Every structure is written in C-alpha cells, then in structure tokens.
Amino acid sequence: MPVGFAPRRVWLAFRFLHTVFVLVRRKERFLFLRPLPPRQLKDAILTLGVSFIKLAQVLATRADFFSEDYLVELRGIHDEVAPMPEADFRTAFARAFGDAPPFAVFETLPLASASIGQVHEAYLADGSKVAVKLRRLGVQRLVRADLRLVRSMLAVFTPFFSRATKNSVEAVLAEFSAMIVKEADLSVELANLRKFADAYGDGAVRFPVPVPELSNADALVMSFESGFRIDDKAGLAAAGIPFRKVLDDLIAFYIEQMLVRGYFHADPHPGNILVRPDGGITLLDFGMVKRLPADTRVAMIEVAKTAHDRDYEGFIVACKRLGIVAAGAEPTEMMEFSERMFDIFGNASLSAASMQALAFSVLESMKDLPFKVPQDVVYVMRASTLIEGLGTTYIENFNGVKDILPLLRRNLARAMGAEAGLFPTLRSELTSLPLTLRRAKTVLTDLSESNLRVKLSPETLEYAGECLRPYLRRVALGILLLVAAFLVALTRPPHAVPIAWALFAAGAVRIWLALR
C-alpha cells in the first residue's frame with residue numbers, strides 16, 4: 001500500500017480535517033467525534049508531515065476559524081521535522097549531484113530540516129561558502145498522495161459548510177494545493193529567487209545569490225547568508241540592533257511587495273528572515289512566491305485608505321470589492337461592525353492584549369456575518385500575522401492597525417501608480433486619452449445600435465446567486481417530486497396511482513409556491 005494511504009496516515013488525516021471542520025462550524029462534535037485538542041492536533045500534523053505542515057502554517061492565519069489556544073499551537077509549527085535517514089540522504093545527494101559532487105567540503109549534518117528539504121553548509125572548490133538545500137527523497141510522490149487524500153475527504157465535509165465559509169475553506173485549500181506542488185520542485189524556487197532578485201535587488205533587503213549551474217529540481221545551491229533570526233530578541237539586543245527600525249523596514253518592504261509591485265514572498269515566518277549585524281534584512285526560502293492581480297491590490301489599498309480615514313461606507317464597499325465580505329451582506333450590520341472595530345483600533349490607550357481581546361469579542365458577537373477570505377488574500381494574512389506577532393513581542397503597546405496604517409498612507413500614491421509625481425502622472429493620463437475616447441465611442445456606437453453588452457461584476461453575480469439560491473432549491477425539490485411521480489407510475493408498485501398523484505400534486509404545489 002502506498003505510504004500516503006497507509007491506514008494510520010489516513011486516520012490521522014481524517015482526524016485533522018475533521019477537527020478543522022468541527023472548529024470552523026463551531027460544533028462540539030461531528031460523526032460522534034470531538035475535535036482533537038490543540039496539542040494533539042499539532043502532534044498529528046507533525047506526524048503527517050510535508051503537505052499537512054504547510055497547510056497548518058496557512059491555517060495559522062485564520063483567527064476566524066480557530067480559537068487562540070489552537071492558533072498558538074499552529075503558529076508554533078515551523079517545519080519541525082527530523083533530518084532524512086542516512087540512506088535517504090545518500091540517495092538524494094547522489095540524485096542531485098551525481099558521482100562527482102562539486103564540493104570541496106560538504107557538512108552532512110543539516111543546519112535546518114524542513115518538510116520539503118534540508119539545508120547543509122558546504123564549500124566549493126574555489127573556497128566559496130554556500131548553502132545547499134537538498135530535496136527530501138520521495139517528497140513529490142508524497143505531496144501528490146496527500147493532495148488526493150485531502151480532496152477525497154473534503155468531498156465528505158464541504159457539503160456541510162455554509163456557502164461563505166465553504167468558499168473560505170476551499171480558497172485556503174486551493175491556494176495551498178497550487179503552492180505545495182510548486183514548492184516541491186527546487187528548480188521553481190531557483191526561478192523565483194532569480195525573479196525576486198531582479199525585481200527587488202536594488203533595495204535594502206538582501207537575498208541569497210544562487211548558483212544556477214549547480215542547481216536542479218533536487219537541489220538549490222546559493223550563497224551562505226548569516227545573521228540573527230528576526231525573533232531572536234536576546235541576540236538583537238546584545239548586538240545593539242534597534243528593533244523598531246528593523247520592523248519598519250520589514251513593513252515597508254512588504255508594502256512594496258504586496259501593494260506597489262504585486263510580487264511578494266509568501267512564506268513569511270521568523271526562520272526565513274535574518275537580521276544582519278548592520279541591521280539590514282536578508283530574506284530566505286523562495287519556494288512560495290505569489291503574484292497579486294492589480295484589481296486585488298487596488299481593493300487592498302482602498303481597504304487601507306478607508307480604514308485610515310474611518311470612512312465606514314467606503315470601507316464596506318472596499319471589503320466587498322476585495323471579496324472578504326459577501327456581496328449580499330446587510331449594510332446596517334456591516335456599519336455596526338466597522339464602527340466597533342474602528343473604535344478598538346483607534347484607541348491608542350489600549351494594550352495589544354486588550355485590543356486583541358476586544359477585537360475577538362466583537363468578531364465572536366458578529367460571527368454570523370458573511371465574511372470569507374478569497375484565495376489571493378490568504379498569504380497576505382500570513383504576512384500581517386507575522387508583523388503583528390513580532391510587533392507585540394518587541395514593542396510595548398504595539399497596535400498593528402495604528403502603527404502600520406501611517407506607513408500604508410505614505411505609500412498609497414506610489415501603489416496607485418503616482419510615484420513619479422503630479423506632472424508625470426498627468427502626462428501618462430493624457431497619453432492614454434485617445435484610447436479612452438475610442439473606447440467611449442465604441443460604447444456609444446453599440447448603444448445606438450442596440451448592441452451594448454454589459455459585463456456584470458463578480459460581486460453582482462454572487463449577490464444574484466445568493467438571491468436566487470433559495471428559489472432554485474425549492475424548484476429543484478418540486479422537480480424531484482414530479483420525477484418521482486413519473487417513476488412510480490412507470491414501475492407500478494402497489495397503490496401506484498394514488499402515490500403518483502400525491503407526489504405529482506406535492507411537486508406542482510412546491511414549484512407554484514417557489515415561483516409565486
């Protein structure tokens with residue numbers, strides 16, 4: 001039997017997904033089983049390894065899914081995986097570098113061991129010190145087996161989710177599935193690292209320099225980078241590095257990635273961010289890199305701007321455009337929610353712990369609102385969670401919204417494409433004016449010829465679907481009753497005629513009531 005479908009592994013995967021389902025649904029039990037306690041859930045994830053560790057890291061951003069005791073355990077999962085067995089290591093090393101490895105020295109004891117691969121220190125023949133990321137033996141096969149296992153089990157669970165919640169869960173899993181397959185191929189990480197260096201190489205943040213001629217799908221060879229982990233509070237303090245500047249630089253860099261350029265590092269945990277002795281930042285591990293579409297970036301900017309300006313109506317519209325609030329959400333309830341959250345985040349006298357407790361109490365009291373998290377926003381939340389966690393650890397009374405929004409505000413013009421100033425922006429707009437006029441002429445011509453086509457926004461289609469769904473459900477039941485009536489009439493069981501007429505009447509009444 002393939003390792004991915006070993007009985008114990010299948011059971012642990014079922015208990016993991018069962019626990020997620022029960023917690024998201026806020027039930028005490030499902031199928032007569034209670035959810036795993038936080039520590040047991042973490043142990044199950046670490047036993048399952050590879051894909052489930054990555055999935056847990058994504059789920060650790062979801063305060064709307066899990067209570068704080070679960071989040072603490074999930075956030076503590078940072079690829080706590082034992083190194084490969086000696087025999088697996090030798091096979092993986094030979095597969096990556098053949099019979100004539102290019103290293104003068106290669107340390108077989110890894111510096112770090114993760115679910116996809118492990119990192120070793122080595123020296124090339126010219127004396128250059130490098131880091132070598134070696135892919136685990138059989139990891140691609142195991143990832144594919146894990147994805148098949150997860151998808152087959154979700155077929156059991158997802159029909160029981162509400163629509164908004166189901167969309168959120170499916171978005172997390174869809175994004176996770178796409179990312180984990182790419183991350184299992186180290187040649188993809190090499191390409192990501194080179195693109196990232198091209199995009200951001202002129203900034204203050206540094207990245208490892210790859211050695212492409214020695215890298216392949218099984219290994220990534222790159223320059224050896226040293227420094228303190230960004231969560232090494234004692235080490236940074238001993239080196240005299242002011243953390244406030246480090247955090248400001250990190251926030252500014254993620255704003256640049258997510259809002260201005262739309263190409264960002266999607267695996268932000270403390271082990272992937274080093275602080276150099278000069279206080280600069282080095283970013284590691286480019287297996288998960290994400291591109292954000294322009295419309296998503298614009299919607300994020302609008303959310304940030306309206307939150308900063310305390311523009312309640314604009315905030316709600318921006319949240320709907322971003323996709324984190326269902327289009328059919330009740331405006332008065334959303335206004336109340338926005339006002340209560342703005343009051344919390346705008347209170348500078350609150351400690352971080354008090355602010356978080358109040359925010360969670362508001363979320364709990366309004367948990368029936370139709371919130372969801374679209375696919376593109378999942379990894380943005382990971383970056384936000386990291387920054388919030390670092391800020392509250394190092395800085396007294398850190399308020400993520402209050403402290404980050406001014407930095408967002410200063411970058412809004414650049415994010416909207418006006419970084420070159422007023423006159424270049426006007427010049428750009430004037431340059432595009434002929435095309436705009438031509439489009440306007442096309443619209444007017446189509447309108448005069450009764451040939452105008454209107455493209456509905458996703459929000460409008462979603463709202464229409466939500467409105468039609470109850471009617472369609474009732475109509476579908478009526479149609480099923482009519483079909484059942486004809487089947488009874490054709491098969492002629494005992495008392496077929498009265499049963500068929502009863503079913504037919506019930507179906508007809510059901511359809512009539514639905515369409516009335």
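Student: Is aspartate 285 buried or exposed?
Tutor: The model is predicted, so local features need pLDDT of at least 70, side-chain atom pairs count only at pLDDT 80 or more, and totals for chains, interfaces and linings use all residues. Residues are numbered from 1 along each chain as its sequence is written, and side-chain values use heavy atoms, without hydrogens and water. Buried means under 20% relative accessible area, exposed over 50%, and partly exposed in between (1.4 Å probe, protein chains only). Aspartate 285 has 18% relative accessibility, so it counts as buried.

Student: What is the phi of aspartate 285?
Tutor: Aspartate 285 sits in the loop between β9 (281–283) and β10 (289–291); strands are DSSP runs of E, at least two residues, and helices runs of H or I, at least four, numbered from the N terminus. The residue is not a glycine, yet its phi is positive, near 65°.

Student: Is histidine 495 buried or exposed?
Tutor: Histidine 495 lies in the loop between α19 (458–491) and α20 (496–515). Its phi is also positive, about 60°, although it is not a glycine. With 62% relative accessibility, histidine 495 counts as exposed.

Student: Which helix gives the largest share of the nonpolar patch?
Tutor: Phe486, Val497, Trp501 and Phe504 make a nonpolar surface patch of about 460 Å². Valine 497 is placed in helix α20, and its 52% relative accessibility is why it counts as exposed. The largest share of the patch, three residues, comes from α20.

Key
Patch = residues over 30% accessible without salt bridge, like charges linked within 9 Å, V, L, I, M, F, W, Y side chains within 5 Å. Areas by Shrake-Rupley, 256 points an atom, 1.4 Å probe, with all protein chains shown as cover. Salt bridge = Lys/Arg side-chain N within 4 Å of Asp/Glu carboxyl O.
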